[in-house]
Amino acid sequence: MNYTPNELARNLYRNRSGIVGVIVPDLDHPFFSCLVKHIEMELYKQGYKTMVCNAVGISDREQEYLDMLERNIVDGIITGSHCLDGEEYRKQERPIVSIDRDFGPKIPIVGSDHAMGGRLAAELMIRNKRKKVLQISGVSPYIFANERHLAFKEVLEEHGVEVLNVVMDWNIFQWEIFYKTAKNILNEYSDIDGIFSGDLGVVACMNVARQKGIKIPEDLCLIGFDATDITRMVYPSITAIKQNIELLAEISVNTLLDQIEQRKSVPHRQSLNV
């Protein structure tokens with residue numbers, strides 16, 4: 001009879017909107033664009049729609065999405081952006097899942113085993129007999145991704161390898177900034193023989209290195225982190241520590257919906273192998 005159920009009325013009856021908010025720093029970043037794609041697909045499969053927010057370093061946008069959670073416009077939030085002060089998250093009473101940041105015992109965390117990733121990268125540098133290695137890291141003390149850099153440095157220094165560290169703001173994703181940083185690194189540290197960074201940083205370093213006539217991997221070993229498509233779009237293709245982004249999305253969604261639908265209790269932190 002061409003009858004269409006009124007989803008708005010049904011959701012009002014259930015005191016739900018059927019919408020989940022996903023907050024990421026910037027969809028331009030290949031890791032976050034891939035993560036959001038898989039989160040949206042998993043939510044759709046389970047009967048929910050997705051509302052995406054690019055925080056792009058402006059905390060007002062992140063705050064507005066938290067306000068929407070408080071006003072029942074969205075049923076829950078999966079956040080991978082950490083521009084906003086943690087207290088704004090901690091005072092929320094409705095379901096939130098954090099990717100890679102600890103907001104305290106009330107908010108579940110889903111992420112990769114970054115320490116394992118750092119160790120794998122370090123062991124690869126050691127097998128390739130590197131002597132002076134540089135890593136590009138972020139500055140936020142609250143993000144578990146920093147564990148990869150601590151483990152990387154610790155393993156290499158145990159084997160007598162010198163490790164240098166260049167720090168960038170964790171939420172900077174513009175190619176121009178990565179490229180400028182890469183130029184500064186290879187001008188200032190001409191004697192390094194290895195670089196460890198996120199995928200974008202490694203691609204920028206390879207670009208500059210090849211312009212300088214540096215042979216890869218003979219003169220300079222490069223290891224990325226995430227193993228997004230960009231590492232296979234360049235030549236030579238880049239060795240990278242791979243996060244299981246599809247599984248990360250699936251577990252984040254299920255952890256959030258377990259809270260929204262009160263299906264079962266959830267662990268505080270879930271760490272996925274790399």
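Which residues of β6 lie on one side and which on the other, and are they buried or exposed? K132, L134 and I136 are on one side of β6, V133, Q135 and S137 are on the other, and all are buried, so that both faces of the strand are covered. The model described here is predicted.

## Strand β6 and its partners

Strand β6 is mostly covered, with six of its six residues buried. This strand pairs with β7 in the parallel sense, over six bridges. Within that pairing, K132 stands opposite E162 of β7.

β6 also runs parallel to β8, and three bridges join the two strands. Here Q135 stands opposite F196 in β8.

## The five-strand sheet

β6 belongs to an open sheet of five strands, in the order β7-β6-β8-β9-β10, with parallel pairing. The edges are β7 (162-167) and β10 (239-242); each has a single partner strand, so one side of each is left without a neighbour in the sheet. From one strand to the next, the twist averages 20 degrees.

Helix α5 (residues 114-127) touches β6 (132-137), β8 (194-196), β9 and β10, and its direction makes about 165 degrees with that of β9. Helix α8 (residues 199-211) also touches β6, β8, β9 and β10, and its direction makes about 155 degrees with that of β9.

## Helix α5 against helix α6

Helix α5 also meets helix α6. The axes of α5 and α6 come within 7 Å and cross at roughly 35 degrees, and the crossing is right-handed. On the α5 side, the contact is made by H114, A115, G118, R119, A121, A122, M125 and I126. On the α6 side, it is made by E147, R148, A151, F152, V155 and L156. The residues of this contact divide into nine nonpolar, two polar and three charged.

Helix α6 (residues 146-158) also holds both K153 and E157, four residues apart, about one turn of the helix. The side chains of K153 and E157 meet in a salt bridge, with an N to O distance of 2.8 Å. K153 has a relative accessible area of 32% and is partly exposed. E157, at 40% relative accessibility, also counts as partly exposed.

## The six-strand sheet

A further open sheet has six strands in the order β2-β1-β3-β4-β5-β11, with parallel pairing. Its edges are β2 (49-54) and β11 (269-272); each has a single partner strand, so one side of each is left without a neighbour in the sheet. The twist in this sheet averages 20 degrees from one strand to the next.

Inside this order, strand β1 (residues 19-24) and strand β3 (residues 76-79) pair in the parallel sense over four bridges. The bridge partner of V22 is I78 in β3. Helix α2 lies across β1, β2, β3 and β4 (96-99), and runs at about 170 degrees to β1.

## Salt bridges

How many salt bridges does a search of the whole structure find? The search finds nine; the K153 and E157 pair is described above, and two others follow.

The side chains of E42 and K45 meet in a salt bridge at 3.3 Å, N to O. Are the residues of this pair buried or exposed? E42 is buried, because its relative accessible area of 10% is under the 20% limit. K45 counts as exposed, because its 64% relative accessibility is over 50%.

D258 forms a salt bridge with R263, and their closest N and O atoms are 2.8 Å apart. D258 is buried, with a relative accessible area of 9%, whereas R263 counts as partly exposed at 37% relative accessibility. This pair is part of a network of salt bridges that links D258, E261 and R263.

Key: Residues numbered from 1 in each chain as written. Predicted model: local features only at pLDDT ≥ 70, side-chain atom pairs only at ≥ 80, totals over all residues. Heavy atoms only, no water. Salt bridge = Lys/Arg side-chain N within 4 Å of Asp/Glu carboxyl O. Buried < 20%, exposed > 50% of the residue type's maximum accessible area, 1.4 Å probe, protein only. Pairing = 2+ DSSP bridges. Axes fitted to C-alpha atoms, helices over the stretch in contact; angles between N-to-C directions. Contact = heavy atoms within 4.5 Å. Left-handed = near helix turned anticlockwise from the far one by under 90°. Nonpolar A, V, L, I, M, F, W, Y, C, P; charged D, E, K, R; others polar.
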